Amino acid sequence: MQFQLTEEQLAVREAARDFAQQVCKPGVIERDSTMAYPTEQVRQMGELGFMGMTVSPEYGGSGLDNISYVLALEEISKIDNSCSVIMSVNNSLVCYGLETYGAEEQKQKYLTKLATGEWIGSFCLSEPEAGSDATHQRTTAEDKGDHYLLNGTKNWITSGGTSQVHLVIAQSNPDAGHRGINAFIVETGWDGVEIGAKEDKLGIRSSDTHTIMYNNVKVPKENRIGDDGFGFKFAMKTLSGGRIGIAAQALGIAGGAYELAVAYSKEREAFGKPISHHQAIAFKLADMATDIEAAKMLVYRAAWLKDTHGNYDQAGAMAKLFASSVAMKHTVEAVQVHGGYGFVKEYHVERLMRDAKITQIYEGTSEVQKIVISRGLLKGELYV
């Protein structure tokens with residue numbers, strides 16, 4: 001078993017950390033308060049190759065491994081999770097889905113722009129009545145011969161207001177159940193695509209989350225991904241890898257809160273010495289460090305399994321389940337270490353605490369992760 005990072009992976013981590021500290025951190029509190037989209041930060045992520053990290057250079061990507069990807073995502077998530085979720089969706093769901101399952105024409109037309117950050121992509125699966133149960137899609141795509149007619153509503157869409165391309169999951173044959181679901185590439189500028197208001201969220205507030213309505217949108221047949229009826233499998237396979245990205249985000253949130261807590265505990269004095277010298281605080285830091293290290297092993301292992309073409313379904317679910325729990329638990333503890341200062345925006349930890357909660361919800365709730373894990377366990381697939 002190898003636990004050392006390569007020189008290239010270390011360089012990627014360092015570049016991401018520098019970017020987070022120098023570009024994302026300035027103004028992050030104000031962007032969070034005003035829900036201002038991080039336009040300049042996203043533009044620079046594209047220039048640095050962070051928007052298509054694992055995509056082949058043939059299509060404009062960085063051609064890196066998944067370990068490098070989660071390292072970069074982890075560092076950016078320590079500072080600005082609005083940036084990291086935009087990066088995660090574009091990489092894990094949109095670019096990965098297109099490169100793995102898209103036709104060559106689709107890759108040339110769309111992936112080349114998405115991987116460079118010239119365009120931003122969104123993944124449109126959730127609906128008002130289809131969240132965790134993705135099999136019951138109310139959005140329909142009626143086969144009209146040379147095109148599909150798309151109608152329906154998608155909600156909780158990250159980058160919904162800024163993306164140029166949507167990957168939309170819709171039902172084409174209700175009688176076939178989930179085998180009648182298809183996945184489509186839809187452009188924002190097409191007639192009938194309507195973007196709803198930006199959601200006012202607890203955390204990741206400067207990322208743009210919208211409801212999107214599709215009213216008689218004509219989708220060319222060549223914009224269907226894969227064979228007829230492949231859509232549900234496409235969504236599940238793509239989300240399985242996406243969970244590794246969210247696990248890395250949760251790991252970064254926990255790590256960012258831990259770093260702030262350690263630094264503050266060394267500066268703040270009580271009863272004549274730094275509070276880090278008091279066992280009550282020192283033990284909190286020890287628990288944080290141990291849980292974060294355990295989460296790191298799960299996240300990195302899941303990314304390694306994906307790199308080596310292993311079965312990462314359960315590993316990704318385990319990583320997301322545990323890392324999101326660690327993020328929620330220890331951002332609360334980081335606020336506690338800061339005392340009253342942790343309750344104000346200036347010290348950053350309250351924002352990380354708010355950001356942490358969504359990692360237990362999106363791209364599969366913690367309860368859904370337990371379903372995935374238990375199914376694999378009962379099939380004997382857990383360590384295959």
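The axes of helix 7 (residues 231-267) and helix 10 come within 10 Å of each other and cross at roughly 160 degrees. This is a predicted model, in which local features need pLDDT of at least 70 and side-chain atom pairs count only at pLDDT 80 or more, while totals for chains, interfaces and linings use all residues. Residues are numbered from 1 along each chain as its sequence is written, and side-chain values use heavy atoms, with hydrogens and water left out.

- Two packed helices are described by the angle between their axes and the distance between the axes.
- Axes are lines fitted to C-alpha atoms, for helices over the stretch in contact, with angles from 0 to 180 degrees between N-to-C directions.
- Helices (H or I, at least four residues) are DSSP runs numbered from the N terminus.
- Helix 7 and helix 10 are therefore roughly antiparallel, a term for angles over 145 degrees.
- The crossing of these two helices is left-handed, meaning that the near helix is turned anticlockwise from the far one by less than a right angle.
- Ile253, Gly256, Ala257 and Leu260 of helix 7 are in contact with Val349, Leu352, Asp355 and Ala356 of helix 10, where contact means heavy atoms within 4.5 Å.
- The residues of this contact comprise six nonpolar, one polar and one charged; Ala, Val, Leu, Ile, Met, Phe, Trp, Tyr, Cys and Pro count as nonpolar, Asp, Glu, Lys and Arg as charged, and the others, Gly among them, as polar.

- The structure holds 18 salt bridges, each a side-chain nitrogen of Lys or Arg within 4 Å of a carboxyl oxygen of Asp or Glu.
- One of them joins the side chains of Asp80 and Arg31 at 2.8 Å, N to O.
- Asp80 lies in the loop between helix 4 (66-77) and helix 5 (81-101), and Arg31 in helix 2 (residues 28-34), 49 residues apart.
- Both Asp80 and Arg31 are buried, that is, under 20% relative accessible area with a 1.4 Å probe and protein chains only.
- Arg354 pairs with Asp32, their closest N and O atoms being 2.8 Å apart.
- Arg354 and Asp32 are both buried.

**A further pair and a network**

- Glu142 and Lys144 form a salt bridge through their side chains (3.2 Å, N to O).
- Glu142 is partly exposed at 42% relative accessible area, and Lys144 is partly exposed at 40%; the term covers values between buried and exposed, the latter being over 50%.
- Salt bridges with shared partners join Arg17, Glu75, Lys78 and Glu259 into one network.

Methods. Angles under 35 degrees count as roughly parallel, over 145 as roughly antiparallel, 65 to 115 as roughly perpendicular and the rest as oblique.
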